[in-house]
Amino acid sequence: MEKEQLQSMLASSKSKRELEKKIKKAGFRNTRFFRPVKGTDLQMIAKACDAECDEVDRGRYWLFASIGRCSGYEWIWLEKTRKQPIRYSVSIWAKRLPNAENEKI
């Protein structure tokens with residue numbers, strides 16, 4: 001997935017849940033339930049997600065996403081930040097790259 005595709009999904013989605021459904025349809029899996037990536041260093045993922053999309057204002061909250069590649073996977077960092085009081089929730093999505101070998105993270 002390219003940054004432009006993710007940005008258009010982000011702009012057209014009304015909520016984080018709707019965006020997550022679109023990402024799932026694109027073949028990504030939530031790392032919370034994806035066993036092959038369990039125990040991956042979050043700092044490594046955050047550094048890998050270097051293609052950042054523009055933040056989208058949805059009234060009471062902002063939606064933000066970034067995308068990157070590392071360790072044979074394509075990663076999406078998805079964040080929802082509530083404005084008042086400030087709270088945020090993050091979900092990380094991963095998809096195995098087609099040309100990646102059977103390597104462990």
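This report describes the fold, the surface and the aromatic contacts of a predicted model.

## Overall fold

The chain of this predicted model contains three helices and six strands, and from the N terminus on these elements follow the order α-α-β-α-β-β-β-β-β. The radius of gyration is 14 Å, close to the 13 Å that the globule rule gives for 105 residues, so the chain is as compact as a globular protein of that length. Along its principal axes, the C-alpha trace spans about 45 × 25 × 20 Å.

Among contacts with a separation of 6 or more, 51% are made by residues 24 or more positions apart.

Of the 105 residues, 38% count as buried, while the chain exposes about 7,000 Å², of which carbon and sulfur atoms supply 47%.

The structure holds two aromatic pairs. In one of them, the ring centres of Phe34 and Tyr73 are 6.1 Å apart and the planes stand at 85°, so this pair is edge-to-face. Because Phe34 lies in the loop between β1 (29–30) and α3 (42–48), whereas Tyr73 belongs to strand β5 (residues 73–82), the pair ties together parts that are 39 residues apart in sequence. Phe34 is buried, with a relative accessible area of 10%, and Tyr73 is buried with a value of 4%.

Tyr73 also forms an aromatic pair with Trp75, which is tilted, with 5.9 Å from centre to centre and 50° between the planes; both Tyr73 and Trp75 are buried.

Conventions. Residues numbered from 1 in each chain as written. Predicted model: local features only at pLDDT ≥ 70, side-chain atom pairs only at ≥ 80, totals over all residues. Heavy atoms only, no water. Helix = DSSP H or I, 4+ residues; strand = E, 2+ residues; numbered from the N terminus. Rg over C-alpha atoms; globule rule 2.2 N^0.38 Å. Buried < 20%, exposed > 50% of the residue type's maximum accessible area, 1.4 Å probe, protein only. Contact = heavy atoms within 4.5 Å. Areas by Shrake-Rupley, 256 points an atom, 1.4 Å probe, with all protein chains shown as cover. Phe/Tyr/Trp six-rings, centres within 6.5 Å; stacked < 30°, edge-to-face > 60°.
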